[in-house]
Amino acid sequence: MSTRKPRSEALWGYAFIAPTGLGLAVFYLWPVLQTAYFSFTEWGVFGGHTWVGLENYARLAADPEVRQAVVNTVTYTVLGLLGIPLAIVFAALMNVPGLRGAGIYRTAFFLPVVTMPVAVAMLWRWLYNGDYGLVNQVLAVVGLDGPNWIADPDTALYALVVVGVWSSVGYNLIIFLAGMQAIPKETYEAAALDGAGRVRQFFSITLPLLSPTAFFISIVSVIGSLQLFDLVFVMTGSGQAARANPAYGRLQTVVQLFYERAFVTNDRGYAAAVVIALLVLIAALTILQFRLQRRWVHYV
């Protein structure tokens, strides 16, 4: 009887996770394996593919466009992490007891998160317009001549980072605010009795106890930033229209390069190699983050 009961419970457990496991296998694992196989093939114009071994990866390693796309993507990812301390500061300000309109502030910050990325990109494309954009109109009031932000190689990537941070800071803020509210108030009371002020409490209590939350946000932010596509695609377009942009070389990301190779030039085998390389890069950076978190993440 005791042997049958654990077996029955195990079967019920497998039955409950089977739908999720099947969905992951069909919609995630199988496409990854299929893409990995296609990365070793070359596709014809009218379909069909032939095995070419490591030829696509050799092309990828020697392709300067790939290197530039990787540099752009990594730069965007690193600069985008600046949104994490920004979200912590805003969360700390909104966590002040007795703050009026806290719900309105949370809604205002979170609104970009629930807005469609295409709408966000179109809004900022108008704001950044060099001829009639609101950003340059404001700068003109104070006597400054703003550039065409998305078409200037010196400003295009940084302008894109601003959009990314603006879009994600609300999500990060809500997560950090929840983490702050989970910290026991007795901890702050004990620190206050010892003479610690608000600033000392923030650096000695809030930040260390928020480090697991910051680690989670950093993982999610890095993975999301490395897959950047929609903002660049809507703000710059694709194909010849995008390449006509003087800042095209500074804006192209790895996923956008994959899209153009797969669906514009129909070089699907090479596109598969590009996206598999991106998968390896994401895995490597995630493993590195898990290794480094031992030095700065404090678990209670």
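The structure is a predicted model. The salt bridges in it number 2. One joins Asp267 to Arg59, and the other joins Glu65 to Arg261. A nonpolar patch lies on the surface, and helices α5 and α8 pack against each other.

**Salt bridges**

- Side chains of opposite charge can pair when their charged atoms come close.
- Asp267 and Arg59 meet through their side chains, with an N to O distance of 3.0 Å. This pair links distant parts of the chain, 208 residues apart. Asp267 sits in the loop between α14 and α15 (268-296), while Arg59 belongs to helix α2 (residues 55-62).
- Asp267 counts as buried because its relative accessibility is 19%, and buried means under 20%. Arg59 has 36% relative accessibility, so Arg59 counts as partly exposed.
- Glu65 and Arg261 form a salt bridge at 2.7 Å, N to O. Glu65 lies in helix α3 (residues 64-80) and Arg261 in helix α14, so the bridge ties together parts that are 196 residues apart in sequence.
- Glu65 is buried, at 19% relative accessibility. Arg261 is buried as well, at 11%.

**Helix α14 and what follows**

- Helix α14 spans residues 254-264. Its buried residues are Val254, Val255, Gln256, Leu257, Glu260, Arg261 and Ala262.
- An α-helix has 3.6 residues a turn, so residues three or four places apart point the same way.
- Asn266 follows α14 and has a positive phi, near 60 degrees. The loop between α14 and α15 also holds Asp267, the partner of Arg59.

**Packing of α5 and α8**

- Two packed helices are described by the angle between their axes and the distance between the axes.
- Helix α5 covers residues 102-114 and helix α8 covers residues 156-181. They pack at an angle of about 130 degrees, and their axes are 6 Å apart. That angle makes α5 oblique to α8.
- The α5 and α8 crossing is left-handed.

**Nonpolar surface patch**

- Leu123, Trp126, Tyr132, Leu134, Val138 and Trp166 make up the patch. Together they have about 580 Å² of accessible area.
- Two helices, α6 (117-127) and α7 (134-141), each supply at least two residues of the patch.
- Leu123 is placed in helix α6. Leu123 is partly exposed, with a relative accessible area of 37%.

Note on methods:
Residues are numbered from 1 along each chain as its sequence is written. This is a predicted model: local features need pLDDT of at least 70, side-chain atom pairs count only at pLDDT 80 or more; totals for chains, interfaces and linings use all residues. Side-chain values use heavy atoms; hydrogens and water are left out. Patches are made of residues with over 30% relative accessible area and no salt bridge: like charges are joined within 9 Å, nonpolar side chains (Val, Leu, Ile, Met, Phe, Trp, Tyr) within 5 Å. Accessible areas come from the Shrake-Rupley method with a 1.4 Å probe; for residues, only the protein chains shown count as cover. A salt bridge is a side-chain nitrogen of Lys or Arg within 4 Å of a carboxyl oxygen of Asp or Glu. Helices (H or I, at least four residues) and strands (E, at least two) are DSSP runs, numbered from the N terminus. Buried means under 20% relative accessible area, exposed over 50%, partly exposed in between (1.4 Å probe, protein chains only). Axes are lines fitted to C-alpha atoms, for helices over the stretch in contact, and angles run from 0 to 180 degrees between N-to-C directions. Angles under 35 degrees count as roughly parallel, over 145 as roughly antiparallel, 65 to 115 as roughly perpendicular and the rest as oblique. A crossing is left-handed if the near helix is turned anticlockwise from the far one by less than a right angle, and right-handed if clockwise.
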